[in-house]
Amino acid sequence: MKGDVKIKVCMGPSGIALGGAEVIEAFKKEINTAGIKALVGDQCSLHKVGCRGLCTKDILVEVTINGKKTIYENIKPDKVSKIVKEHIVKGNPVKGWTAGKEYHNFHNKQIRVVLSNCGEIDPEDIHSYTAVGGYEAARKALVSMSPEEIVEVVKGSKLRGRGGAGFPTGLKWELGLKIKSDVKYVICNGDEGDPGAFMDRAVMEGDPHSVIEGMIICAKATNSHQGYIYVRAEYPLSVKRLQTAIDQCYEKGFLGKNIFGTGFNFDLKIFQGAGAFVCGEATALARSIEGKRGMPTPKMWRSAERGLRDKPTVLNNVETFANVPKIILKGADWYSSLGTERSGGTKVFSLTGKVKNSGLIEVPLGISLREIIYDIGGGIEGGREFKAVQTGGPSGGVIPAEFLDIEVDYESLALVGSIMGSGGMVVLDETDCMVDISQFFLEFTQSESCGKCIPCRIGTKRMFEILEGITSGRGREGDIELLEELGHYLRTTSLCGLGMTAPNPVLSTIKYFRGEYESHIKNKRCAAGVCSNLS
Amino acid sequence: MEETLEKILTNYQNNEGNIITILQDVEETFGYIPEEAVNWFSKKLDIPASRFYGVATFYTQFNIEPKGKNVITVCTGTTCHIKGAKKLLDGLRKQLNLLEGEDTTDDRKFTVDHVACEGTCSMAPVVLINKKVYGKITANKLSKEIETLRRKTGGRSEG
């Protein structure tokens, strides 16, 4: 078999955990011992790539021979020898191991903008990124666009904050640009802390340069010369790959002084968060970079006016920044046309739970939940009944079957009592207990509450205790009403978003599954069979 | 110890570091935050020890007590939760005779920890045994892994 052979092995979070490195080693060994090296010479390239999306079928391996792609799923090191012998040497793809209908269904309704390079390029090699047009957008922005022009394009794209709150990115940048200050900061929030969410991790590990490029463009648009990427220390690979990418940028002159010969300077550093969910909040994150306890302060100003070290700070999430280079290159109209009237573009979700095909997906805003869960996700595992989908993690809520056809965007999810959030989407089936789910999220917010304001510190604790009582058979008449009342107070009086949104999982489950709460309290019965103290 | 601490101090001074970066270096070097280290930095930098402890107890990355030889981390993300993470965690704590509020066994062979999400939800439930990821793990399999580790660690400490 002669020709150009490329092998890509998924090294996303699941790929690594399942032994992706061993698969790469096995390929290297087999290719050598089979003597293929002599046949294909240095044209045979093998590299690790970031997350390819369909984690259920990991480890995914893509073999391309003379431009013809074949995807293999569920590959283990012991399967490599056969692939090399039959496919790469003889040219016959191994039957039964190649990706089936599910893999293609999984990809059909997706539009990959942020994830377009994840799983395609080597995240540790800047040349792999520049070969697909990387840093062209930064060059364009720095060489031929004014800050005002960049802001206009981002505004026109209708890109909104992907961290969850959905504030229009262009407006934030405009505010950052208008404010006069000797020092301004650009910060990327990579403190992904929602349980059940790994979108940002996949981007930081699969395509770190796209985040850096987005930040360079933002720096130019807001006239900032210093930036930080705040990453969870629990994501050591993200830290490593971002650091490698930053070092490569300094070598190439994409960061530092006089970028692209334009006289524009921008320095970028990583700050490792030490693990606190509340640090996703802007003021808490700033305190953390200053080396303090990450406790929020009352929001008298927007961060763009007064943020880190009291200087104007433009803070965006990983996914938001990663969208920017594509918007600059392809234009605002292209991006906004992908989404809905109010929200442009695509959104990355980590689709998990009781769904057949779980993994990382990117869909145009406006797609229905049904399409996501049934077409992309392949429906419910084990043929069981769909019950609800949880979006937005501990700040979000559950959405029952009656709303499966709503369009996914910031407003419509809020309308049914949940939030878009950062992109966690956990599918629940008939064997999941809604009271237990509420208790789970309250246990999380209660332990992550920083303790500064009373409504959040005590409110989450009391709500958790009531829920614990209900799930262990000690539920009392009036508990539901008490939860609603407490939830209302938390929402209206907490200092920051953590406390304000903490009641959402409880209130939304009460709204749609009140009967389940009642049956726990009155009949001491858990129909899903989760609460072990009940019948 | 002093030499190591000097090195951390230099790193801090060269990199506009702060208390968090110091503590991260200390944690990485010693596996926890020893009191001696805090006092040393407190004196050197003229920052009260209480500020170090204020930060150390705020963030989950820092441990005030030394950890056991083997660290078992149960992922308690949403997906792992609905796939039985709590049962795994309860079973594990029971197997290791950990009382409420305890995370490390008396013989310091095991520490039980949890993480909010490991990011490998398609393999749920997930447990990390000394940082190695075990996906779709059952209570039975986890219990066996612990027994194997117990035998291994026991052998080493006796030898």
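Me: Which residues are in contact with Phe266(A), leaving aside its neighbours within four places in sequence?
Reply: Contact means heavy atoms within 4.5 Å. With those sequence neighbours set aside, Phe266(A) is in contact with Val186(A), Met215(A), Ile216(A), Ala219(A), Ser224(A), His225(A), Gln226(A), Gly227(A), Tyr250(A), Leu255(A), Gly256(A) and Ile259(A). The model is predicted, so local features need pLDDT of at least 70 and side-chain atom pairs count only at pLDDT 80 or more, while totals for chains, interfaces and linings use all residues; side-chain values use heavy atoms, without hydrogens and water. Residues are numbered from 1 along each chain as its sequence is written, and chains are lettered from A and ligands numbered from 1 in the order in which they are written.

Me: Where in chain A is Asp310(A) placed?
Reply: Asp310(A) lies in the loop between helix H13 (282-289) and strand S9 (313-317) of chain A. Both elements are DSSP runs numbered from the N terminus: helices are H or I of at least four residues, strands E of at least two.

Me: What makes a set of residues a nonpolar core?
Reply: The members are buried Ala, Val, Leu, Ile, Met, Phe, Trp, Tyr and Cys residues joined through side-chain atoms within 4.5 Å. The largest such core has 66 residues, and Phe266(A) is among those that touch the most other members, with Tyr135(A), Ile150(A), Trp173(A), Ile212(A), Ile217(A) and Ile229(A). Helix H11 (residues 208-222) of chain A provides the largest share of this core, eight residues. A second, separate core of 47 residues includes Ile187(A), Cys453(A), Ile47(B) and Phe52(B).

Me: How much area do chain B and chain A bury between them?
Reply: Buried area is the accessible area (1.4 Å probe) that two parts lose on being put together, summed over both. For chain B and chain A this comes to about 3,000 Å², 57% of it on carbon and sulfur atoms. Phe58(B), Thr78(B) and Ile82(B) supply 21% of the area that chain B buries against chain A, more than any other three residues. In contacts, 31 residues of chain B meet 51 residues of chain A.

Definitions and conventions:
Buried < 20%, exposed > 50% of the residue type's maximum accessible area, 1.4 Å probe, protein only.
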